[in-house]
Amino acid sequence: MNPDPNQPRTANRHESGDLPATEEHDLPPGRHQFHKERLMSQIHDDRRTASARNPFLRKAFLLPAATALAGALAAGVLVLTPGGAQDGPRELATGPALTTAIGTVDAHGAPRLLDRISLAAAGADAPKGRAGQYVYIESRTATTYVKTVDGVSSLVSRPLHTRQSWRSPDGLRGWLIEPGTTGPEGITLEGTDEKGQVPKPHLGAPSHDYLAALPTDPDALLRKIYEETEGQGNGKDQQAFTTIGDLLTESWPTPRLTAALYRAAAKIPGVVLVDSATDAAGRKGVAVARLDETSGTRTEWIFDSKTLAFLGERTVQVKGSGGEGGLIKPGTVVFTHAIMARAFVDDIKVTP
């Protein structure tokens, strides 16, 4: 897959730096259940409940892996290389918290940028898989959260680490490997619900095949998102933006659907352009974002400023202090997620 459909090329697989080792197994309250659940539908329901209760707990999914965003090789493989990190110092710092420089907002620039991004996405080659293959995604992710022990709260970060997941296109079979969440060999994503039934894919927990049935008209797509997420999250517009972001980062839409998601996002009130953002791999770009007025966090979708390739997503505290005791200060990255590789592979635990 090629980030820029107008300049065909195959990127080399590369990740700069060694991943820090982690012995941290404590997650923010409410996130343990996300990693324990194997059922896609229950993951969705638990995630939505946790988001409404605490906006800092949104990201810890066992969902189908992989997105094809700004471009794809016909063979069905994407590898993104850390780019902007070499141009200057990394903006993402680690310590008791992940911190970042906060970009400047352009309240009117998002529709124009999203239009350009959607055109690039629509012109991409659709990835092609064979029967029996799995959708693979490899990402780098980190979080900052408030941890309370014996009544004492402190701000801690879960270090940057690699996350790998495999999912069959129908969503029935899958595997996850994530340090601090699973053992070295990982865990299965298969299973049945409490009634012994196989969960059906839905908007909040889609399979690769399910996405093929979603409307590609932006108005119809946004209408469906509003209807199916009614009552969730911190307001309908914020939840719609969150849902689209989840589809872009945790699933694999076709080029037409990806373009429709960007055009739908442009219609959501409050969506803005941010002039500078850095993903979890240190790659710099521009962002399309929306501020959650309830939590004071801003969720940013990060794109390469030249190729318009989708790099990842982060959530930054930008307004007031959040978390228990107000420990999460402006400039704190509460979640960051960078896409490193996506592909169809022949079996679980097989990498591109």
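1. Lysine 236 sits over the face of tyrosine 226, 5.4 Å from the ring centre. A charge is taken to sit over a ring if NZ of Lys or CZ of Arg is within 6 Å of the ring centre and within 35 degrees of the ring normal.

2. On provenance: this is a predicted model, in which local features need pLDDT of at least 70 and side-chain atom pairs count only at pLDDT 80 or more, while totals for chains, interfaces and linings use all residues. Residues are numbered from 1 along each chain as its sequence is written, and side-chain values use heavy atoms, with hydrogens and water left out.

3. The protein has seven helices and 11 strands. Helices (H or I, at least four residues) and strands (E, at least two) are DSSP runs, numbered from the N terminus. Of its 352 residues, 58% count as buried; buried means under 20% relative accessible area, exposed over 50%, and partly exposed in between (1.4 Å probe, protein chains only). Among contacts with a separation of 6 or more, 68% come from residues 24 or more positions apart, where contact means heavy atoms within 4.5 Å.

4. The structure contains 13 salt bridges, each defined as a side-chain nitrogen of Lys or Arg within 4 Å of a carboxyl oxygen of Asp or Glu. One of them joins arginine 163 and glutamate 250, with 3.9 Å between the closest N and O atoms. This pair links distant parts of the chain, since arginine 163 belongs to strand S4 (residues 152-167) and glutamate 250 to helix H6 (residues 236-250), 87 residues apart. Both arginine 163 and glutamate 250 are buried. A network of salt bridges links Arg158, Arg163, Glu178 and Glu250.

5. Glutamate 293 and lysine 319 also form a salt bridge, at 2.8 Å from N to O. Here the link runs between two loops: glutamate 293 lies between strand S8 (284-292) and strand S9 (297-303), and lysine 319 between strand S10 (310-317) and strand S11 (333-345), 26 residues apart. Glutamate 293 is exposed, with a relative accessible area of 55%, and lysine 319 is partly exposed, with 46%.

6. A further salt bridge connects glutamate 300 with arginine 314, the closest N and O atoms being 2.6 Å apart. Glutamate 300 is in strand S9 and arginine 314 in strand S10, 14 residues apart. Glutamate 300 and arginine 314 are both buried.

7. Which aromatic rings pair, and how are they oriented? The count comes to five aromatic pairs, where rings of Phe, Tyr and Trp (its six-membered ring) pair if their centres lie within 6.5 Å, and planes under 30 degrees apart count as stacked, over 60 as edge-to-face and the rest as tilted. Among them, phenylalanine 241 and tryptophan 301 are stacked, with 4.1 Å between centres and 0 degrees between planes. Phenylalanine 241 is in helix H6 and tryptophan 301 in strand S9, so the pair ties together parts 60 residues apart in sequence. Both phenylalanine 241 and tryptophan 301 are buried.

8. Tyrosine 262 and phenylalanine 303 make an edge-to-face pair, at 5.7 Å centre to centre and 70 degrees between the planes. The pair ties together parts 41 residues apart in sequence, because tyrosine 262 lies in helix H7 (residues 255-265) and phenylalanine 303 in strand S9. The relative accessible area is 0% for tyrosine 262, which is buried, and 0% for phenylalanine 303, also buried. Tyr262, Phe303 and Phe310 form one aromatic cluster.

9. Strand S5 (residues 174-177) is covered on both faces: Gly174 and Leu176 on one side, and Trp175 and Ile177 on the other, are all buried. S4 and S5 pair in the antiparallel sense over four bridges; two strands pair if DSSP finds at least two bridges between them. Glutamine 164 has isoleucine 177 of S5 as its bridge partner. The hairpin of S4 and S5 has six residues between the strands, and in this hairpin glycine 171 takes a positive phi near 80 degrees. S5 also pairs with strand S6 (residues 187-188), in the antiparallel sense over two bridges, and leucine 176 stands opposite isoleucine 187 in S6.

10. In helix H5 (residues 218-228), the buried residues are Pro218, Leu221, Leu222 and Ile225. Seen down the axis of H5, they fall within an arc of 95 degrees, so they line one face of the helix; the arc is that of the directions from the helix axis to the C-beta atoms. These buried residues of H5 pack against H6 and H7.
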